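Have a look at it first.

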Amino acid sequence: MESIKTEESYTLQSKSVSSLAYLVLQLIANNKQNVADKILKNLCAFVCVDTAEVPEFHHNVGYKDKILSLRKEEALTDPADVAAHERATYAARIKRQGALMTLEAISKIYASELFVKIPKIKDLMIGPLRSLPSFTEADLKEEFKGQSIIDALGILRALLPKLNRALIPEISENLDLFLSGLKSEYSVFRYASAKCFATICLMVPTKAFTFLVNHILPMLKNAGNVTERQGAVETIYHISATMGTDILPYVMFLIVPILGRMSDSDHDVRVLATTT
C-alpha cells in the first residue's frame, strides 16, 4: 500500500498495483470481504486527496452565490509556501494515480460483476449522494457529511470511464441525484455535480442529454433562482470542456439557451455563458 501511495516510478507502482489487486481478489475469494472493503475504502480516499480534482467542502462551503469554476485560487507569494504547495500537490497526484490504477485493475478483474462482488465500490460512489436532496445548513455540523458527498462525486467521476460498459446503466439510473446537487445553494456541490454529470454525458450521451434537455436546461430560464441558473450554465460549461468535439451532435440543444444567458443579470452566469 505504501508503494501505491508514494512510488514515483510508474513501472514499480504498476507492480504494486497488480499485487494489491490480486490481494483483493484473494481476500474476496476467501470470504474476507471486510478486509477487502477497508482496502477499497482507503483507495477511494486516495483518489480524493488531490484538491485540484476533488475540492474541499469546508474550504469552499462559504460560497453560495458564486460559480466555483470561475474562482481563482489565491496566488502563493512566499517561495517557501510555493515550494511546499508544489511538493504536496505532486505527492497527492502520485497517491491518486496509484489508487486509480489499482481500482482500474480490480474493475478489469471483475468486469460486469464488479458491483455484485464488491458492492462497497458502488456504495462509496452512490450512497452519499442520497443525502444531497435533504442536505441543509444543519448538516454542516456533521464534519464529514458534506465532504463525503463531494468525495463520492469525485470517485464516480474518476472511476466511471474505467468501469465495464455493462455497469454504466446502474450509475445513469441515478441522474436525479445530480439534479439535487446542481440546484444546491452551495457552490461546491454544484461544481462537483456539474463535473461529474459532464463525465456521464461523455459515457452515455444519449441518456444524459435527454435528462439535460428535460431537467437541466429549464433551470436556465428560472429568472427567480440564480443558483439554478448558475448550476445549469456550469454544467453546460463542463460538458463542453469534457466532451470536446463529441458534443457536436448535441450542440443544437445548447446554443440558444447559452446565448440567452450571455445577458443574464448575474455576473458569473454571464461570464461562464460567454466562456462556453
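The notes below go through those topics in turn.

## Ground rules

This is a predicted model, where local features need pLDDT of at least 70, side-chain atom pairs count only at pLDDT 80 or more, and totals for chains, interfaces and linings use all residues. Residues are numbered from 1 along each chain as its sequence is written, and side-chain values use heavy atoms, with hydrogens and water left out.

## The core

A nonpolar core here is a set of buried Ala, Val, Leu, Ile, Met, Phe, Trp, Tyr and Cys residues joined through side-chain atoms within 4.5 Å; buried means under 20% relative accessible area with a 1.4 Å probe, protein chains only. The largest one has 87 residues, and Leu-43, Met-125, Leu-129 and Phe-197 have the most contacts inside it. Helix α11 (residues 187-203) supplies the largest share, eleven residues. Helices are DSSP runs (H or I, at least four residues), numbered from the N terminus.

Leaving out residues up to four places away in sequence, Leu-43 touches Met-1, Ile-4, Leu-20, Ala-99, Thr-102, Leu-103 and Ile-106; contact means heavy atoms within 4.5 Å.

## α11 against α12

The axes of α11 and helix α12 (residues 205-216) come within 6 Å and cross at roughly 135°. Axes are lines fitted to C-alpha atoms over the stretch in contact, with angles from 0 to 180 degrees between N-to-C directions.

Among the residues that meet are Phe-197 and Cys-201 in α11, and Phe-209 and Leu-212 in α12.

## Cysteines

With a disulfide taken as a pair of cysteine sulfur atoms within 2.5 Å, the count is zero. For Cys-44, the closest cysteine sulfur is in Cys-48, 7.2 Å away and too far for a bond. Cys-201 is in no disulfide either, with the sulfur of Cys-196 nearest at 10 Å. Cys-44 counts as buried at 2% relative accessibility, and Cys-201 does at 0%.

Methods. Buried means under 20% relative accessible area, exposed over 50%, partly exposed in between (1.4 Å probe, protein chains only). Helices (H or I, at least four residues) and strands (E, at least two) are DSSP runs, numbered from the N terminus.
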